[in-house]
Amino acid sequence: MKQKKLLYAGKAKSVYRTDEKGKLIVEFRDDITAFDGGKKDTLKNKGSYNAEVSAFFFEYLAKNGVKTHFLGMIDERHMAVRELEMIPLEVIVRNIAAGSIVRNYPFKEGMKLDPPVIVIDYKDDSRHDPMLNDDLIIALKLATPQDLKKIKKVALLVNALLVKILARQGITLVDFKIEFGKQGKTIYLGDEVSMDSMRLWDKKTGESLDKDVYRFEKGDVMETYNRVVQRITKKAKKP
Ligand code: 5GP
């Protein structure tokens with residue numbers, strides 16, 4: 001597969017056309033941003049760490065019945081994916097209260113959310129990704145009621161699978177954000193599933209093992225990402 005022209009460059013990934021119809025290449029760059037791009041840096045190896053973890057999770061999820069855009073790795077930071085028409089929703093699943101719901105609602109950080117809470121934000125940086133509800137999603141024609149139902153069902157399945165595999169590595173999945181897209185009538189999990197889009201806490205120590213280390217300057221984020229990659233991909237066993 002040959003990489004062709006740049007289609008889109010986001011804050012941390014670039015998407016390229018290829019010489020194969022319906023297939024794209026995603027490049028995981030070394031850029032890291034937080035707070036709507038208000039804080040940004042370039043950190044060596046960050047792209048390959050996120051690509052490796054995303055590939056690992058996409059393969060694991062696919063084996064367990066989740067349709068994903070992942071086709072294979074080209075090299076350590078370039079991923080071949082199915083071309084999707086992306087749905088501009090940030091689908092967040094929360095198992096433990098942290099981050100924006102603690103700031104915006106009277107939840108205490110660390111409170112268990114059982115059943116998990118799904119929050120859907122509108123993916124629009126210029127509007128600071130405002131939270132949506134089902135009626136708004138349908139009125140804005142961002143998804144049909146049937147697609148929305150399916151998206152929530154898949155998000156909960158992804159959550160259950162990720163909780164299970166991470167727990168085996170002594171990691172608590174606090175929350176995560178995923179994105180979906182369509183090819184024809186079929187909905188696929190797209191984007192990435194990495195430390196940039198998840199909140200992970202060490203089960204024993206409570207240490208942050210994700211982008212919160214960068215957001216809140218809790219330590220050396222690349223040292224943390226390196227450790228998490230080893231922990232997630234090298235020692236993980238099948239569920
Ligand atoms: P919060 O709403 O607490 O800021 O984020 C909830 C979860 O979704 C966190 O794991 C966070 O990393 C992820 N998340 C929310 N918005 C974004 C976003 O715009 N980009 C990425 N990569 N992750 C996000």
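**Entry 1: ground rules**

I call a residue buried when its relative accessible area is under 20%, exposed when over 50%, and partly exposed in between (1.4 Å probe, protein chains only). The model I am reading is predicted, so I noted that local features need pLDDT of at least 70 and side-chain atom pairs pLDDT 80 or more, while totals for chains, interfaces and linings use all residues. I number residues from 1 along each chain as its sequence is written, and my side-chain values use heavy atoms, with hydrogens and water left out.

I started with Asp191, where phi is near 55°, a positive value in a residue other than glycine. I found Asp191 in the loop between strand E13 (186–189) and E14; helices (H or I, at least four residues) and strands (E, at least two) are DSSP runs numbered from the N terminus. Is Asp191 buried or exposed? Asp191 counts as buried, at 15% relative accessibility.

His128 has a positive phi too, about 60°, although it is not a glycine. I placed His128 in the loop between E10 and helix H3 (134–139). With a relative accessible area of 56%, His128 is exposed.

I also checked the peptide bond from Asp114 to Pro115: it is cis, with omega near 5°. Pro115 belongs to strand E10 (residues 112–122).

Next I looked up Asp147, which sits in helix H4. Asp147 is buried, with a relative accessible area of 13%. Which residues does Asp147 touch, leaving out those up to four places away in sequence? I found Lys182 and Ile187, taking contact as heavy atoms within 4.5 Å.

**Entry 2: helix H6**

I tested the length of H6 (residues 221–234).

At the N-terminal end of H6 I found a cap: a side-chain oxygen of Asp220 lies 3.1 Å from the backbone nitrogen of Met222. The buried residues of H6 include Val221, Tyr225, Val228 and Ile232. An α-helix has 3.6 residues a turn, so residues three or four places apart point the same way. I traced what the buried residues of H6 pack against: among the partners are helix H1 (46–63), helix H4 (145–167) and strand E14 (198–202).

**Entry 3: where the domains meet**

I took the division as domain 1 (3–82) and domain 2 (85–220), with bounds from an automatic or database domain assignment. Their C-alpha centres lie 18 Å apart, and 28 residues of domain 1 are in contact with 28 residues of domain 2.

How much area do domain 1 and domain 2 bury between them? I noted about 2600 Å², 62% of it on carbon and sulfur atoms; buried area is the accessible area (1.4 Å probe) that two parts lose on being put together, summed over both. Phe57, Tyr60 and Lys67 supply 21% of the area that domain 1 buries against domain 2, more than any other three residues.

I counted 5 salt bridges between the domains, each a side-chain nitrogen of Lys or Arg within 4 Å of a carboxyl oxygen of Asp or Glu. I also looked up Asp196, which forms a salt bridge with Lys46, the closest N and O atoms being 2.6 Å apart. E4, strand E5 (39–42) and H1 each supply at least two residues of the side of domain 1 that touches domain 2. H1 gives the most to that side, with 10 residues.

Note on methods. Polar contact = N/O pair within 3.5 Å; in protein donor to acceptor, adjacent residues only side chain to side chain.
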